[in-house]
Structure formats: structure tokens, C-alpha cells
Amino acid sequence: MSCAIVEKTLFLIQSNDPILKLQGAKDIRWLTKSSLRYRRHFNEAVKPLVDMLSNSESFEFIEAAFLALLNLSVKDEGNKKSIIDVGALEPIIGFLQSENASLKEHATASLLTLSASSVTKRILTSFGVIPLLVDILRCGSPRAMVDSIITLYNLSTCQGNLTLILQSDPIPCIVALLKSCKKSSKTARKCTALLESLMSYEECRQALTSEEGGILAIVEVLEIGSLQSREHAVGSLLKMCQSDRCKYRLLILREGVIPGLLELTVKGTAKSKEKSQTLLRLLRDTTPSERSQLQPDTLENIVSNLISQIDGSKEQTGKAHGLLAEVIQVSMDQRLRLLPQRPMVYMYSD
């Protein structure tokens, strides 16, 4: 890193000449793109860049300021705080409601980076960004929608924000985004993570079942998503079934969830395995009081009971039976591994 370059660039961005100021913003963008050290040394540039956002009418100037601030805020808590302290949120929120799609995208991306800090989440919420982000989910560009769902997820981890998100009726647009995105993508992971949190509320559970293909979209992630996405997907369905088994059990079963759950009991994360086994127990036809004591409450018996109820294609039923065989084999292997650990009780004599 060159001190001379830092001094020259700060001179440019602090200049009263608009051309020099524009060049300074562009230089900061490139210098801070991948350098944490440059980001720290350009903290003084935050205020003039925010002034460019607030006072410029030229798209080129506004975009240059946005992109420079975006890079300055990545993985730098000090710059994030400075950006908010000097009044950047007002122009950012203004551009979030702009008719210009590119400026909307830049504003959403800026909120995304700022929302990654635990310090700034409450401040962003106090400026009323949550309903605006849900609006972006409804009618924004594909890029802005992705940034919006990630920002909403970041904000949802702050106490009280889930209620604010709920008030903006987010389920239809989250489901629409989940249905359209690649099920193994980061977008799907954030969608299912946010849905898992929202499934704690009956309004959201009802909204999900009211959306055509809503539960199916979650089941698809459960089947072919990333490991984390699948964990959130099964968690969402489990919360639904735990809240009201009679109401949601058949709705979940009808979407062909059994093969995906069976696979998770074998190949999922530790949490996924636990959640999928719990959900399988809730999905079985009988209640605990109705089960015969002669039939052990093993995973094999639970799944056999469920497979007998599947009213689907031969292919689906065949896949479920194949996965059940794998579950049983893994279960047997686990039991065999435990055998050497059991104490020997044989008595030897001469």
C-alpha cells in the first residue's frame, strides 16, 4: 500500500472540482475492492462520498459514490458506523424508492453490507427499511431481490424485527423468489432460513399454505438444496407440524416429502437428522397413544408406516422403499459398531 496514493486520492475526493471528485470516488472504489488496509485508510473519504450521494444529480456521480461506499463498508465495522453517522441512510433510502433500477440495486446492496453489522441493525430498522425491502422483493430487479432477501434475513436476527417483517406480508414474495431460484443457491438458503424463523407465527404458516406450491418449494429445497438449506427447510416443515399436527400433516405429506426426509436421516447434518426423524414421527398416521407396544418406535417402523400411506407414483414409492433400505442398513451398521463396546459377560473355566 502506498501512502502517496492514499494522500493523492483523498485530495481528489475532498476537492471542490466535480471532475476531480468523481475521479477520486472511482479510485477509492478500485483501491478498496480487495484491500482491507486501504479501506481503513480511506475512512476520511466517507463524508465527501456521502455528500456526493446527497447533492449530486448526475447518475455517474451518484453511482461512483455508491460503489466506493459499498467497498469501504465491506468487512469494516468502523466505516459502516461512519457511513451511518454522517447521514448516508436518508439518501440511500431515497434511492431505494427511485424509478431508476440501477440506483435501486445500489441502494439495496448498500443496505445489505450495512446490515451485516450487529451494531447497525437496530439503526436500519428505526429508519423503516423493512417494508421497503419487502417492496423490493415484490417488484425489484432479480439482483435487488436477492440482496433484499439477504438483508431481511440479516435484520431478522435482531430481536423484534421478525414481527416487523411479518407486518409487511412477506410470504408471497419469499415463496415466489424461492420457486424461481436455484435450490442449491445462497438465495434459497436465505429464503428457507427466513421462512424457518417466520414459521413460528400462525399468520405466516397460513400464508404459506395459501400460496400455490408454497410447501412444495420448501420440499424441493429439502431434496436438492445445500446442507444448510435442507436443514432450514426441514426446520420450517417441522415448526408447522409441531404447531398443529392435524392441520398441516396431510398438506406436507401430499407434497412428497418422505424421500427427502429419509435421505436426510442418512446424509444430513446432525441437526437435519434430528429434525427429520422428529418430523417423520409427527407425520405417521397413528398418535403415540394408539401405537401398539408390540411395535417398537424405531425409525424403520415409523418410515414403513409412512410409506404404506403414500398415495403417489410407483417411482416415488420405489424411491422411498430404496431409501428406507439404506436407512435400515445405516442403522444396522451403527448398532454393529457399538457391539465391541459392550462389556463381555462370558465366564471362562479350566
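At what angle do helix α16 and helix α17 pack, and how far apart are their axes? In this predicted model, helix α16, residues 214-224, meets helix α17, residues 227-243, at an angle of about 140°, and the axes lie 7 Å apart. Angles over 145 degrees would count as roughly antiparallel; α16 and α17 are therefore oblique to each other. The crossing of α16 past α17 is left-handed.

Let me turn to the residues at this contact. From α16 the contributors are Ile-215, Ile-218, Val-219, Val-221, Leu-222 and Glu-223. From α17 they are Ser-229, Arg-230, Ala-233, Val-234, Ser-236, Leu-237 and Met-240. Sorted by class, the contact of α16 with α17 comprises nine nonpolar, two polar and two charged residues.

The second pair is α5 with α8. Helix α5 covers residues 59-73 and helix α8 covers residues 101-115; their axes come within 10 Å and cross at roughly 20°. An angle under 35 degrees counts as roughly parallel, and α5 and α8 are therefore roughly parallel to each other. Here, α5 passes α8 in a left-handed crossing. On the α5 side, the contact involves Phe-59, Ile-62, Glu-63, Phe-66, Leu-67, Leu-70 and Ser-73. Nine residues of the contact between α5 and α8 are nonpolar, five are polar and one is charged.

The axes of helix α10, residues 129-139, and helix α13, residues 171-180, come within 9 Å and cross at roughly 45°. These two helices, α10 and α13, are therefore oblique to each other, and their crossing is left-handed. Val-134, Leu-137 and Arg-138 of α10 make the contact with Cys-173, Ile-174 and Leu-177 of α13. The contact of α10 with α13 has five nonpolar residues and one charged residue, with no polar residues.

I close with the confidence of the model. What is the average pLDDT of the protein? The average is 86, and 81% of the residues score at least 70. Over residues 290-296, however, the pLDDT is below 50, and this stretch has eight contacts in the model beyond near neighbours in sequence.

How values were computed: Residues are numbered from 1 along each chain as its sequence is written. This is a predicted model: local features need pLDDT of at least 70, side-chain atom pairs count only at pLDDT 80 or more; totals for chains, interfaces and linings use all residues. Side-chain values use heavy atoms; hydrogens and water are left out. pLDDT is the predictor's confidence in each residue, from 0 to 100. Contact means heavy atoms within 4.5 Å. Axes are lines fitted to C-alpha atoms, for helices over the stretch in contact, and angles run from 0 to 180 degrees between N-to-C directions. Helices (H or I, at least four residues) and strands (E, at least two) are DSSP runs, numbered from the N terminus. Angles under 35 degrees count as roughly parallel, over 145 as roughly antiparallel, 65 to 115 as roughly perpendicular and the rest as oblique. A crossing is left-handed if the near helix is turned anticlockwise from the far one by less than a right angle, and right-handed if clockwise. Ala, Val, Leu, Ile, Met, Phe, Trp, Tyr, Cys and Pro count as nonpolar, Asp, Glu, Lys and Arg as charged, and the others, Gly among them, as polar.
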